[in-house]
Amino acid sequence: MLSLMDAERSERAARRGRDFPPAPQPLPVPVIDSHTHLDITVAEGGLTEGHLIEAAAAVGVDRLVQVGVDVESSRWGAKLAAGQPAVVATVAIHPNEAPRLADRATLDDALREIEALAAQPRVRGVGETGLDRFRTGESGRAAQEASFRAHIAIAKRYGKPLVIHDRDAHADVLRVLDEEGAPPVVVMHCFSGDAEFAAECVRRGYVLSFAGTVTFKNASSLREAARVTPVDQILVETDAPYLTPMPYRGRPNASYLIPLTVRSLAETTGADLDRLCAAISATGERIFGPWTAGQG
């Protein structure tokens, strides 16, 4: 089974030698990047986290959510958030890491570490967690689901939002959330469903976070999903360094490219750009709390 870290290394190698795209036109109202991996972007892009944060702020992306995928990245994000006012963190074991850790009998230890990190004030969410039927086969599904259930419990114990990774697993994700009882706040990271699934998530009160994929030419179903999502249940993200929006698909992504996705969403939904930006900002603060240094 290909581990998450192995997959990341392969994707990094494929992108070597390709430069980051130019900065887009700044947004009229600041927004957040609700899901980014600064550690991976730094490792493969040759820029520091400070440069990436400054570049994002220059185009109106003034707050970032650094997302953990394993113990190492979760520790890294928690430490960065503790000293960087523009960043808050989430912590988790990615669903594709859970089977690998289970095979080594270290999943329970990793989950205990995630729970300890979740208690920190600048850690504002638990995730990305969930289910992935694309990379992980049948043999790893029990470990994935057990890990998902454990993350749900952690989010509920600490009163923090749950950030969901859902790849080819829509029905099973909803089933597990129903069986465990979802936390009060659920964010569907990199929403990948159609309008019907979006409507079901909206009905449950979940927030849908749209990535650069919504700009892809073959993503008409995602645009239909965005159209049925109320503006106050929409977030935007990069998932950087992945999922770079058009017209730069295939090149490295970073938070400063969020304006491309926001403008695409405004065009898709017919929302006024200023109003959409303000709504995204307000929703981000409602879910993840204030970014202001010293608050949390």
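Which residues do ring pairs link into a cluster? In this predicted model, the cluster consists of Phe 191, Phe 197 and Phe 210. A search of the whole structure finds three aromatic pairs. One of them joins Phe 191 and Phe 197, whose rings are stacked, with 5.6 Å from centre to centre and 10 degrees between the planes. Both Phe 191 and Phe 197 are buried.

His 189 belongs to the loop that runs between strand S6 (186-188) and helix H9 (195-203). Is His 189 buried or exposed? Its relative accessible area is 6%, and because the cut-off for a buried residue is under 20%, His 189 counts as buried. Leaving aside residues up to four places away in sequence, the residues that His 189 touches are His 35, Glu 128, Val 163, Ile 164, His 165, Ser 209, Glu 237 and Asp 239. With Glu 128 there is a polar contact between the two side chains, at 3.3 Å. A further relation across the sequence concerns Leu 235: 46 residues separate Leu 235 from His 189 along the chain, while their C-alpha atoms are 8.9 Å apart in space.

Which backbone atom lies 2.8 Å from a polar atom of the Thr 41 side chain? That atom is the backbone oxygen of His 37. Apart from residues up to four places away in sequence, Thr 41 touches Phe 20, Gly 46, Leu 52, Ala 240, Pro 241 and Asn 253.

The last part of the description turns to helix packing. Two packed helices are described by the angle between their axes and the distance between the axes. For helix H4 (residues 71-83) and helix H6 (residues 107-118), the angle is about 10 degrees and the axes are 10 Å apart. H4 is therefore roughly parallel to H6, as angles under 35 degrees count as roughly parallel. On the H4 side, the contact is made by Val 71, Ser 74, Arg 75 and Ala 78. H6 contributes Ala 110, Glu 113, Ile 114 and Leu 117. By residue class, this contact of H4 with H6 divides into five nonpolar residues, one polar residue and two charged residues.

Methods: Residues are numbered from 1 along each chain as its sequence is written. This is a predicted model: local features need pLDDT of at least 70, side-chain atom pairs count only at pLDDT 80 or more; totals for chains, interfaces and linings use all residues. Side-chain values use heavy atoms; hydrogens and water are left out. Axes are lines fitted to C-alpha atoms, for helices over the stretch in contact, and angles run from 0 to 180 degrees between N-to-C directions. Helices (H or I, at least four residues) and strands (E, at least two) are DSSP runs, numbered from the N terminus. Angles under 35 degrees count as roughly parallel, over 145 as roughly antiparallel, 65 to 115 as roughly perpendicular and the rest as oblique. Contact means heavy atoms within 4.5 Å. Ala, Val, Leu, Ile, Met, Phe, Trp, Tyr, Cys and Pro count as nonpolar, Asp, Glu, Lys and Arg as charged, and the others, Gly among them, as polar. A polar contact is a pair of N or O atoms within 3.5 Å; within protein, one must be able to donate a hydrogen and the other to accept it, and residues adjacent in sequence count only if both atoms are side-chain atoms. Rings of Phe, Tyr and Trp (its six-membered ring) pair if their centres lie within 6.5 Å; planes under 30 degrees apart count as stacked, over 60 as edge-to-face and the rest as tilted. Buried means under 20% relative accessible area, exposed over 50%, partly exposed in between (1.4 Å probe, protein chains only).
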